[in-house]
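I am opening a notebook on a structure that is new to me. I want to look up its sheets first, then single residues and rings.

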Amino acid sequence: MAASARIAPRRAGLKAHMHGPRLRRGLVAGLLAASLAWSLGASAATLNVLPLSHGAKAATAQKFPFIQSDDGRVAARINHWLFLEIFEMPAPARATGGLREVNDQAWQNMPDLGYTVLRNDTRVLSLRIDGEGCGAYCESFTYPHAFDAATGRHLEADDLFTPQGLQALTRKIDANNTATLRKEIAALQKTKTKGGLTTEDRDAVIGLYEDCLSRWDAAHRTTGSVGRMAIEAGAVRFSQDRCSNHASRALDSVGEFSTRMPVAQLKPWLTGYGRMLLLGEGTAAAPTSPFGQVLRGTIDGRLPVTMRLPSLSADGPVHATYFYDRYREPISVSGDYRDGVLTLEESESKARLRLRAEGSTLRGEWRQGPKTLPLVLAP
C-alpha cells in the first residue's frame with residue numbers, strides 16, 4: 001500500500017474528531033497554555049554573550065560580557081545590571097561601544113578581569129565574573145550572577161526558594177561549613193606542623209577556625225542568607241566568605257566555603273518560579289519585588305531614568321546608582337529602607353528621592369530644595 005494511502009485514513013479520522021466538543025476544548029486549552037508559555041518566555045531564544053576586551057594583547061586583556069538579544073530591553077536590563085555592579089556606570093548601547101568609557105583609574109584598581117558562562121539556555125543565563133581588585137591591597141573576587149533569560153530579571157535567592165526552603169538550605173550550608181572547619185581543626189591538632197606551618201602558626205590557625213565556629217555568622221542563620229549563588233547547568237553552588245582576613249589569609253587552608261547541590265535535590269525547596277526556571281517544570285509568573293533589579297522610569301513624567309537597586313531583605317542602609325538616560329552620567333545615592341519607604345540622597349547635589357513599593361513599581365518623589373517632582377520606577 002502506498003504511503004499516502006496509509007496516511008489518508010488517519011487524516012480523515014483527525015478531521016472527524018476536530019468537530020467534536022472534546023477536541024475543541026482540548027485545542028482551546030492548548031492554545032491558552034501555549035500563550036501563557038510564550039508570555040512567560042518559554043519560547044525565548046538563547047542569549048548571545050559577546051566578550052568585550054580591554055588591553056592590547058589578547059592573552060592578557062581584561063574581558064567582560066556583553067549580552068545581545070532579539071529583545072533589546074532584556075539585553076539592556078542585563079547589561080546595565082552588570083556594568084553598574086562592576087564599573088558603576090551604564091552599559092554601552094552596542095557591543096561596538098566596548099569598554100572605552102571605563103576610565104583608567106578603574107583599570108588600575110582592577111588589573112585582572114574575566115568571566116565564565118555557567119549556563120545559557122532559554123530559561124537562565126548564569127555568569128561568573130572573576131578578577132582582582134586593588135585598594136590598600138589587592139584581593140581576588142568572584143561574583144556569580146544569574147538572570148531570567150526571557151525578561152532579564154536578576155535572580156535572587158528568595159525568587160527561587162520558599163522561605164522554608166531558604167531556612168532548610170541555610171541549615172544544610174551551615175552544617176557543611178561547620179563540618180569542614182571541625183575536620184580541619186582536628187587535622188591540625190593531630191600534628192605539630194602541617195603544610196610547613198610552625199607550631200605558633202598552627203595554633204593561630206586553630207584559634208582562627210575556633211573563633212569562626214563560635215561566631216558562625218549568626219545574622220546569616222537568622223536571615224536565611226545562602227551567600228553567593230552560582231547557577232550551573234544541573235546544580236547550584238552556594239559560597240560564603242572565608243574565615244580569615246587579608247593579613248591571615250596565607251595561613252587559611254580552608255579559604256572560601258562552598259556547597260554544591262544538584263537541582264533535583266533542591267526541588268522541594270523551590271518556588272513555582274524556581275521550578276520553572278531551574279527544572280523547566282510548569283509555568284509561573286516572576287516575583288514582583290523591585291529590589292535587586294534594574295529599574296526604568298521617569299522623573300516628572302518626561303525625564304527617563306534608569307536605576308539599579310540592591311537586594312533588600314530587611315530594613316537597613318541602602319546604596320544605589322541611577323542615571324538620566326539622556327546624559328548617562330552615574331549618580332550615586334545612599335540612604336535607608338525603613339517601614340516600606342526607601343529614602344535616598346544624591347552624594348553631590350543632595351537631591352532626595354523618596355519611594356514606596358506598589359507591587360513591582362516604586363512610586364514617590366524627587367526633591368531638591370523647593371522643587372518636588374513625581375518619580376516612578378519599574379522593571
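My entries follow, in the order in which I looked things up.

**Entry 1: what I am looking at**

I note at the start that this is a predicted model.

**Entry 2: the open sheet**

I looked up the strands E3, E4 and E5. They form an open sheet of 3 strands in the order E3-E4-E5, with antiparallel pairing. Which strands are at the edges? I found strand E3 (112–120) and strand E5 (138–148) there, each pairing on one side only. On average, neighbouring strands of this sheet are turned by 15° against each other, direction ignored.

Next I took the pairs one by one. E3 and E4 are antiparallel and share 8 bridges. I picked Thr-116 and found its bridge partner in E4, Arg-128. The two strands E3 and E4 make a hairpin, and 3 residues lie between them.

Then I moved on to strand E4, residues 124–134, which is joined to E5 by 11 bridges. I checked two partners in E5. Leu-127 is bridged to His-145, and Gly-133 is bridged to Glu-139. E4 and E5 also form a hairpin, with 3 residues between them.

I asked what lies across E4 and E5. I found helix H3, residues 72–86. The helix runs at about 160° to E5.

**Entry 3: the barrel**

I turned to the strands E9 to E16. I read a closed barrel of 8 strands, in the order E9-E10-E11-E12-E13-E14-E15-E16. The pairing in the barrel is antiparallel. Neighbouring strands here are turned by 30° against each other on average, direction ignored.

Strand E13 (residues 341–346) and strand E14 (residues 352–358) are antiparallel and share 5 bridges. Glu-345 has Arg-352 in E14 as its bridge partner.

I stopped at Thr-343, which is in strand E13. Is Thr-343 buried or exposed? Its relative accessible area is 16%, and buried means under 20%, so Thr-343 counts as buried. I then looked up what Thr-343 touches, leaving out residues up to four places away in sequence. I listed Ser-334, Gly-335, Asp-336, Arg-352, Leu-353 and Arg-354.

**Entry 4: aromatic rings**

How many aromatic pairs does the structure hold? I noted 9. I followed up the pair of Phe-291 and Tyr-337. The ring centres of Phe-291 and Tyr-337 are 5.0 Å apart, and the angle between the planes is 65°. I wrote this pair down as edge-to-face, because planes over 60 degrees apart count as such.

I also wanted to know where Phe-291 and Tyr-337 lie. Phe-291 is in the loop between helix H10 (272–279) and strand E9 (294–299). Tyr-337 is in strand E12, residues 331–338.

I checked the burial of both residues. Phe-291 is buried, at 9% relative accessibility. Tyr-337 is buried as well, with a relative accessible area of 16%.

Technical notes
Residues are numbered from 1 along each chain as its sequence is written. This is a predicted model: local features need pLDDT of at least 70, side-chain atom pairs count only at pLDDT 80 or more; totals for chains, interfaces and linings use all residues. Side-chain values use heavy atoms; hydrogens and water are left out. Two strands pair if DSSP finds at least two bridges between them. Helices (H or I, at least four residues) and strands (E, at least two) are DSSP runs, numbered from the N terminus. Axes are lines fitted to C-alpha atoms, for helices over the stretch in contact, and angles run from 0 to 180 degrees between N-to-C directions. Contact means heavy atoms within 4.5 Å. Buried means under 20% relative accessible area, exposed over 50%, partly exposed in between (1.4 Å probe, protein chains only). Rings of Phe, Tyr and Trp (its six-membered ring) pair if their centres lie within 6.5 Å; planes under 30 degrees apart count as stacked, over 60 as edge-to-face and the rest as tilted.
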